[in-house]
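Below are some brief notes for a colleague. Please read them alongside the sequence and the coordinates.

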Amino acid sequence: MMLPGQICRSGLQQLRHLLLWPLLLLAPLTSATELIELLTTPVQGALVIARTDPAASVALDGSHLPVTADGRFVFGFGRDANRQSLLHARTPDGREQSLLIQPAARQYAVERIDGLPPATVTPPPELSARISREAALVAAARRNTRRSDDWAMPFIWPAKGRISGVYGSQRVLNGEPRRPHFGVDVAAPVGTEVVAPAAGMVVLAEADLYYSGGTVIIDHGDGVTSTFLHLHAVEVSPGQQLDQGTRIGSIGATGRATGPHLDWRMNWRDQRVDPRLLLEPESWQQAP
Ligand SMILES: [Zn+2]
């Protein structure tokens, strides 16, 4: 049964949406020219690249976003992002635009893996201090990234191989739902070369983390980072500047990996995004 009050509330909400959307989308409020142009589609798990006047200052939900010399800026939506974000740009001469962005929903696969040794599903309690120390190390490496345009170049695949895992899939290990998979997995023999998919600075290089084994994090600037897991060899060190295509190490099965593969993850700040969305869709089935 539906109560009159409910109908009334939902009607009001619809009306608010109808009124708010045109107001915000038809901005700029003080000028006839659009100040914000989205260059990539805002979907869940997307790194969104947009353009504005190079002199503009930009904020997403009140948080400042750096703008490149040619007016580009970047932000990202996590796997389950479902709220509208407010993007605002303003130039020194007073032009401004506000844009409400609703990330489009995606469907994710469910992967069931049974018969894993129990210790890999639930780590023994004596390892919990090590695991939380390493998680803090990784989180710190992704925080406070540099101002740099390195993220603005077209990304390339970091390794050649078969795509054996995709972003967002829900893993059910021995019947227990686990955290979703956030990387794209490239399966290839141990020793296969891994290169930087875009320029950046190495902010973490560890030979043996509990879950991820040989691990490298590259800072591509403005909050965008790439993380490479399960490396057999780590051949870079923190502080090193990398050109796109520079060798960083080789594929392995270190850490909690079931077989040799590269797990490539990307973040915008603490939001995990899908690396494949930065690459040409034609290349999605098979890494080159
Ligand atoms: Zn993986």
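Where in the chain is Pro158 found?

1. Pro158 sits in the loop that links helix H3 (128-142) to strand S9 (162-165). Bear in mind for this and every later point that the model is predicted.

2. Is Pro158 buried or exposed? There are 25 other C-beta atoms within 10 Å of Pro158. The cut-off for a buried residue is 20 or more, so Pro158 counts as buried.

3. Once neighbours within four places in sequence are set aside, the contacts of Pro158 are Val194, Val195, Ala196, Pro197, Phe228, Leu262 and Trp264. Thr246 lies 88 residues from Pro158 along the chain, and the C-alpha atoms of the two are separated by 9.4 Å.

4. For the chain as a whole, contacts between residues at least 6 apart in sequence were considered; 67% of them join residues at least 24 apart. Of the 288 residues in the protein chain, 35% are buried. The secondary structure consists of 3 helices and 20 strands.

5. Strand S10 (residues 170-173) and S11 run antiparallel and are joined by 2 bridges. Which residue of S11 is the bridge partner of Val172? That partner is Pro177.

Definitions and conventions:
Residues are numbered from 1 along each chain as its sequence is written. This is a predicted model: local features need pLDDT of at least 70, side-chain atom pairs count only at pLDDT 80 or more; totals for chains, interfaces and linings use all residues. Helices (H or I, at least four residues) and strands (E, at least two) are DSSP runs, numbered from the N terminus. A residue is buried if 20 or more other C-beta atoms lie within 10 Å of its own, exposed if 12 or fewer, and partly exposed in between; C-beta atoms are placed from the backbone. Two residues are in contact if their C-beta atoms, placed from the backbone, lie within 7 Å. Two strands pair if DSSP finds at least two bridges between them.
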